[in-house]
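Me: Please show me the structure first. Then I will ask about a few of its residues.
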Amino acid sequence: MPLISSSRRQGKDEPSAMQNHIVHDPNGPDLEFEGELLLKENHHDTGFVEIYKTAGSQYVVKQNLSSRPGSVVLHEVRIYETLRETIESLGFGKGAKSIAALLDCPLTKQLD
């Protein structure tokens with residue numbers, strides 16, 4: 001899956017390939033893995049979000065949210081087993097739904 005970011009829409013990013021990544025976690029050990037960066041986005045309600053897929057098919061989310069410049073509200077690194085679970089961890093606001101659409105995993109509930 002190619003890297004998706006705000007600048008991607010303007011044709012500035014190249015597809016991401018499997019490579020070694022180190023994701024720095026301010027609340028625990030840093031994560032090192034072989035994988036690809038799927039998405040790098042910034043929205044007012046989700047903050048700055050990076051989503052990686054590891055070679056072992058796990059998903060890593062790095063999220064940094066500030067209420068105002070210089071004030072960090074959330075700075076976390078999390079690991080998930082599925083893409084849907086990964087996206088749902090961002091909530092259901094406009095930014096999360098935009099990210100879900102970019103990754104072709106819409107946050108919809110099918111009803112009978």
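Me: Is Tyr52 buried or exposed?
Reply: This is a predicted model, in which local features need pLDDT of at least 70, side-chain atom pairs count only at pLDDT 80 or more, and totals for chains, interfaces and linings use all residues. Residues are numbered from 1 along each chain as its sequence is written, and side-chain values use heavy atoms, leaving out hydrogens and water. Buried means under 20% relative accessible area, exposed over 50%, and partly exposed in between, with a 1.4 Å probe and protein chains only. Tyr52 has 7% relative accessibility, so Tyr52 is buried.

Me: Why is the pair of Phe33 and Tyr52 called edge-to-face?
Reply: Rings of Phe, Tyr and Trp (its six-membered ring) pair if their centres lie within 6.5 Å; planes under 30 degrees apart are stacked, over 60 edge-to-face, and the rest tilted. The whole structure has 1 aromatic pair. The ring centres of Phe33 and Tyr52 are 5.5 Å apart, and the pair is edge-to-face because the planes stand at 80°.

Me: Which side chain of opposite charge is nearest to Asp25?
Reply: Lys and Arg count as positive, Asp and Glu as negative, while His and the chain ends are not counted. A salt bridge needs a side-chain nitrogen of Lys or Arg within 4 Å of a carboxyl oxygen of Asp or Glu. Asp25 is buried and has no salt bridge. At 8.6 Å, the nearest side chain of opposite charge is Lys62.

Me: How far apart are the C-alpha atoms of Lys62 and Val77?
Reply: The two residues are 15 residues apart along the chain. Their C-alpha atoms are separated by 4.5 Å.
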